[in-house]
Amino acid sequence: MSAVGTLKSWEAMMLALLVAIIAFNSVGSPYFLSVGNFVNLFQLSIEKSIVALTMALVIIGGEIDLSVASVMGLAACVMAWTFHAGVPMPAAILAALGAGILAGLNNAFWIARVGLPSLAVTLAGLIGYRGVARILLEDRAIGGFPDWFNTIGQQALIGPLTAAIAIFFVLFIFFAIVLHGSAFGRLVYVVGSNAQAARYSGVRVGLVKAALFVGSAFVAALAGILYAARLGSVRGDMAEGFELDVITAVLLGGVSIFGGKGNLVGVGLALLVILNLRNGMGLADITGNTQNYVIGGLLILSVLIPNMWQELTNKWRGRET
Amino acid sequence: MTRFLMGAAALAVLAALPQCALAQDAMATRGKAVSMVLLPKFLGILPFDQAHKGAEEAAKELQNPTPLQFLGPTPQNSVAGQIEIVTNATTQGVKAIMISNNSGDQIVPAAKAAQAKGIKVVTWDSPIPSSEGEDVFVAQVDFSEIGKVMADMTLDLAGPGGGKFAILSASPDAANQNAWIAAMKTALKDPKYAKLDLVDTVYGNDESEKSYTQAQALVDKYPDLKVIMSPTSVGIVAGAKALQDEKLCDKVKISGLGLPSEMLAYTKNGCAPEFALWSFIDLGYLAYYTTYLLAADALKAEEGAKFKAGRMGEYTITKDPTRAKGLRILMGPFTIYNKDNVEAAAK
């Protein structure tokens, strides 16, 4: 079976799983099939979904960014702190996006320039950016943002959709074009499959990686601001631990943790699977650890099944020849 | 059959009557189906399980046919999890949500959305700081009162002659403990406590081992120390064990805030003859009563409203003096535990 074939069958499996979950939820809860619930289902994890898009690109590029949740927290805290210091909200938002870009440049420098492994660099970022966020806000919570800002986060903007949901769809299309329809996208796959070979064939690997990490941090900062708008107030521990949920969605979407494989359709389907599963369990009053077990189990299966499938097909071929 | 129908109609008319006259008596509204969610900060620690137990007790007394949902996030996912649970409960159209808020004001949009759908939002244990999106807060104790309770227990144990005592606290920057110690120092100015001499304040960082060695160091440093006052449930247990291991319980006593189940042995062997805490069972019980009456329209969340909460007696809704806005029901006072009541409470 070709790589393309495996991918297609992976998405088919996700789709089947999604249909099964939706069918199960519809039967299980009378509240599931309503526009309001579908909006909630997206809205409750929309920031993670947005960050999952760039995380997919980073992982396809053969790297990982563990610092995204801390960058979200950092951006939200920078925004709240500057706003609280008397700066107008639009400028505070720009400052937050700027902080995100700086964090991304910092990651990119150590990974693309110095050549350190992204696992180590972004782990340091996870701790460091969170530290800055906590130093800025200490134990305070900062709220009282302008009404228009909270409205962006909490009210429907286009039909029943909130701004964050609309941004997610726009970014989804944008990154799908970047990844699957642009020269840069092809380079991401090439670098992710074999960075060494790419380098020898003249690809500026460092530049590709730098672009990935700056893009990842910028989108994370944007997501952090949207999160602040949704909650209406900011604390130092905002978005703590989100990186694992984001990476879970990407891996479940069929993106290979070793890089070079995967696509955004799979990630989109995986997001839908997780969101519907969470929502269904929530409406069935299943919360906390049980939810984590189910989603963790799903991830383990998602890693196991392709490998077992590979092994099975290899054996099958071995018998044929 | 006709008689039955007429009876049913009469009952329906009775049920539809304005309930203001009955507002003070919870028993009058027993048996209504009110779907309620009890939402702790997170699942898996004893105090919240005790609150759940108390709420179930109230649910049984009020004969609510709809089972209570006890839903909570994991500690790592507390903020996002609480928001998700409130949002899903809103989708389900429950009648009331009882929150021990761990999300600061970040819970406000979700709580407001719940209220917009007619859901009663009651906080207990920990309120919404801005009080937006909240009907009323069921508070355990008045934190300023704790200073007096700590001073009283110290005097009790030191005896009428007074003497030296020291404080074994949590960490130097623990907001709760610092506020309580400050309240105790204020209380000590009363001439009643003139013979008490606070010689030292040490910190065990809420770690058992550190608290244990700090207690040992205290008794070494002050041979005539009479009482160690530990306003933290970790410090008081570790300190009691230190006194017991050093065989000093005849000379030095420990007191403070502790959980009866953890203090049982030390109260019975005389190392910690008395200590205080609020009962989380009672807190859950009172939160449930309050919320049920609000959701059944038998109580209005407004200043001065009175109601009777089963075995706990009568309560009044007042302005919350600890927040700029917001309403409060003060459970209080502390329960003082000693050899007479600790065993029952430890169960």
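This is a predicted model: local features need pLDDT of at least 70, side-chain atom pairs count only at pLDDT 80 or more; totals for chains, interfaces and linings use all residues.
1. Ile167(B) sits opposite Thr201(B), a residue of β7(B). The pairing behind this is between β6 (residues 163-169) and β7 of chain B. The two strands run in the parallel sense, with seven bridges.

2. What is the strand order of the open sheet of four strands in chain B? The order is β7-β6-β8-β9, and the pairing is parallel. β7 (196-203) and β9 (253-256) of chain B are at the edges. Each has a single partner strand, so one side of each has no neighbour in the sheet. On average, neighbouring strands of this sheet are turned by 25° against each other, with direction ignored.

3. Two helices pack on this sheet. Helix α5 (residues 146-158) of chain B touches β6, β7, β8 (225-230) and β9 of chain B. The direction of α5 makes about 155° with that of β8(B). Helix α8 (residues 233-245) of chain B touches β6, β8 and β9 of chain B. The direction of α8 makes about 175° with that of β9(B).

4. Chain B also has an open sheet of seven strands. The order is β2-β1-β3-β4-β5-β14-β13, and here the pairing is mixed. β2 (69-70) and β13 (318-319) of chain B are the edge strands, and each pairs on one side only.

5. β5 (residues 136-139) and β14 (residues 327-330) of chain B pair in the parallel sense over three bridges. Ala139(B) stands opposite Leu330(B) of β14(B).

6. Which strands does helix α10 (residues 280-295) of chain B lie across? They are β1 (36-39), β3 (96-99), β4 (120-124), β5 and β14 of chain B. The helix runs at about 165° to β4(B).

7. α10(B) has a helical partner too. Helix α2 (residues 46-61) of chain B packs against α10(B) at an angle of about 45°, and the axes are 6 Å apart. The two helices are therefore oblique to each other. Their crossing is right-handed.

8. Now the residues of that contact. From α2(B) come Pro47(B), Gln50(B), Ala51(B), His52(B), Lys53(B), Gly54(B), Ala55(B), Glu57(B), Ala58(B) and Ala59(B). They meet Phe280(B), Ile281(B), Asp282(B), Leu283(B), Gly284(B), Tyr285(B), Ala287(B), Tyr288(B) and Tyr289(B) of α10(B). By class, the contact of α2(B) with α10(B) has twelve nonpolar, four polar and three charged residues.

9. On domains: the assignment for chain B gives domain 1 as 18-141 + 280-285 + 292-333, and domain 2 as 143-277. Over C-alpha atoms, the centres of the two domains of chain B are 33 Å apart. Their contact takes four residues from domain 1 and four residues from domain 2 of chain B. On the domain 1 side, three residues are nonpolar, one is polar and none is charged.

10. Turn to chain A. Helix α4 (residues 68-84) and helix α11 (residues 205-231) of chain A have axes that come within 7 Å and cross at roughly 55°. α4(A) and α11(A) are therefore oblique to each other. The crossing is right-handed.

11. The α4(A) side of this contact includes Val68(A), Val71(A), Met72(A) and Gly73(A). Across from it, the α11(A) side includes Ser216(A), Ala217(A), Ala220(A) and Tyr227(A). How many nonpolar, polar and charged residues does the contact of α4(A) with α11(A) have? The counts are 14 nonpolar, three polar and no charged.

12. A further helix pair in chain A is α2(A) with α13(A). They pack at an angle of about 115°, with axes 9 Å apart. α2(A) passes α13(A) in a right-handed crossing. Asn37(A), Leu41(A) and Phe42(A) of α2(A) meet Leu275(A), Asn276(A) and Asn279(A) of α13(A).

13. Last, the contact between the chains. Chain A gives 21 residues and chain B gives 20 residues. On the chain A side, α2 (35-43), α11, α13 (264-283) and α14 (288-320) each supply at least two residues. That side of chain A divides into five nonpolar, 13 polar and three charged residues.

Note on methods
Residues are numbered from 1 along each chain as its sequence is written. Chains are lettered from A and ligands numbered from 1 in the order in which they are written. Domain bounds come from an automatic or database domain assignment. Two residues are in contact if their C-beta atoms, placed from the backbone, lie within 7 Å. Ala, Val, Leu, Ile, Met, Phe, Trp, Tyr, Cys and Pro count as nonpolar, Asp, Glu, Lys and Arg as charged, and the others, Gly among them, as polar. Axes are lines fitted to C-alpha atoms, for helices over the stretch in contact, and angles run from 0 to 180 degrees between N-to-C directions. Angles under 35 degrees count as roughly parallel, over 145 as roughly antiparallel, 65 to 115 as roughly perpendicular and the rest as oblique. A crossing is left-handed if the near helix is turned anticlockwise from the far one by less than a right angle, and right-handed if clockwise. Two strands pair if DSSP finds at least two bridges between them.
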